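Please take a moment with the sequence and the model shown here before reading on.

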Amino acid sequence: MTRFLHTSDWQLGMTRHYLSKRGDDDPQARFTADRIEAVRRLGDVAHQEGCEFVVVAGNVFETQNVSAQIIARACEAMASIDIPVYLLPGNHDSLEPGCLWDGQDFLRRCPSNVHVLRDQAETQVTNGNGLVIATIVAAPLTTRHPSTDPLAKLAMSLKPTETPRILVGHGQLEGLSGDTRDALISRSPLDEAIARGALHYVALGDRHIAWPLNDDHAAIRYSGTQESTSFNEVGVGTTVIVDLGDPLTCQTIDVGTWLHARVSQEVAGEADLQILRDRLDSFDHRDRTIIRYDLHGQVTIPQQAELDEILADYETVFASLEPSENRHDLTVVGNDISLAEADVPGWVREAAEELSGMCATNDDAVAALTLLHRLVNAEEAGTAPTVAHTVEVSR
């Protein structure tokens, strides 16, 4: 039985706009380094599981113009795997004129155990005794947006074989949601090739999900990414261990350390604010967790001030904590009288009353009144709030 590791979409060198540097912490730098470190972790998994080689089904790098440092560190990480690694050019790093695969930064550092699948010729995979244990056929992409199915013609041309044969491709399998601008792969030619014994496994990349999850014997699979890349992915990064036996069996393994997560919640009072605190507290490894929140409902000015304190507090520990651009619709009620009894100068109460009257039509007034609450509360508690910016209110 031949066992190998299927992975894809490393996209080394990926950047995310929401991972901005804050003080001494640089989440983007950690995110970049951890994506490469995850490649080493894949090697550890491959050795622990007794895999004989690794297949990367496209998008090893994020772009053609990643830095020489990213290429160098990626090559060192792949060298540490210490078993054969087969790389497929995908849509992000397609095999086109002037591509990074032909550049000196990659060519002079490419480890001896790494092989780029540059054409559709069959590649023999041998074990330590020189015996052929599998063959690989691949469809490297030569453009970012192929106009035709990259696998159909190749799959239909293959003849039955007793040696396990793996087809490596990159694109959107028909019937799965995704960006249809990318290569759309027809399922029927793949199923037919498997049925006649011409293929034993199809290793796909492009979808950043482990699919399918409910069938350990499915011969057409997406491995998921080694680290999470967006809020559309469920859970952390994954890889797949494939046994080319009879029957074929697959095991999906979690390998990632980063998490993209959404927090959606109705907020209507103090109890809901505590629930929000508890939910944010429930995340492990918050320095590697990226949160998008969307809150719904209606809160008073004091409750909004408390919410701002909660978010400011957790922003310091999460890699990123930001509201969703198109889902967050919490509204603030401006009829606030809580400062009337506070131990503040009269002009503060007068300002609060004026701002309260403007809140229904002026978001800046809401922000200013909320900030005023935070300042007053901090004064009473003897602490200083975290203030992100100064609010100017236009009458």
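The model is a predicted one, and in it the protein has nine helices and 18 strands. Of its 395 residues, 51% are buried, and among the contacts with a separation of 6 or more, 72% are between residues 24 or more positions apart.

**The six-stranded sheet**

- Six strands form an open sheet with mixed pairing, and their order across it is β4-β3-β2-β1-β13-β14.
- The edges are taken by β4 (114-116) and β14 (249-254), and because each of these has a single partner strand, one side of each is left without a neighbour in the sheet.
- From one strand to the next, the twist of this sheet averages 20 degrees.
- Within the sheet, strand β2 (residues 54-56) and strand β3 (residues 85-87) run parallel and are joined by three bridges, and Val54 has Val85 in β3 as its bridge partner.

**Helix α1 on the sheet**

- Helix α1, which covers residues 27-48, packs on the sheet and touches β1 (3-7), β2, β13 (238-243) and β14.
- The direction of α1 makes about 155 degrees with that of β1.

**Helix α2 and its surroundings**

- Helix α2 (residues 68-81) contains 14 residues, and the distance from its first C-alpha to its last is 20 Å, close to the 20 Å expected at 1.5 Å a residue.
- The residues of α2 that are buried are Ile70, Ile71, Ala72, Ala74, Cys75, Ala77, Met78 and Ile81.
- The elements that cover these buried residues include helix α1, the strands β2, β3 and β4, and α3 (104-107).
- Asp82, which comes just after α2, takes a positive phi of about 65 degrees.

**The pair α6 and α7**

- Helix α6 (residues 270-281) and helix α7 (residues 301-315) have axes that come within 10 Å and cross at roughly 5 degrees.
- Since angles under 35 degrees count as roughly parallel, α6 is therefore described as roughly parallel to α7.
- On the α6 side, the contact is made by Glu270, Leu273, Leu276, Arg277, Leu280 and Asp281, while α7 contributes Gln303, Glu306, Leu307, Ile310, Asp313 and Tyr314.
- By type, the residues in this contact of α6 with α7 divide into six nonpolar, five charged and one polar.

Conventions: Residues are numbered from 1 along each chain as its sequence is written. This is a predicted model: local features need pLDDT of at least 70, side-chain atom pairs count only at pLDDT 80 or more; totals for chains, interfaces and linings use all residues. Side-chain values use heavy atoms; hydrogens and water are left out. Two strands pair if DSSP finds at least two bridges between them. Helices (H or I, at least four residues) and strands (E, at least two) are DSSP runs, numbered from the N terminus. Axes are lines fitted to C-alpha atoms, for helices over the stretch in contact, and angles run from 0 to 180 degrees between N-to-C directions. Contact means heavy atoms within 4.5 Å. The expected span of a helix is 1.5 Å times one less than its number of residues. Buried means under 20% relative accessible area, exposed over 50%, partly exposed in between (1.4 Å probe, protein chains only). Angles under 35 degrees count as roughly parallel, over 145 as roughly antiparallel, 65 to 115 as roughly perpendicular and the rest as oblique. Ala, Val, Leu, Ile, Met, Phe, Trp, Tyr, Cys and Pro count as nonpolar, Asp, Glu, Lys and Arg as charged, and the others, Gly among them, as polar.
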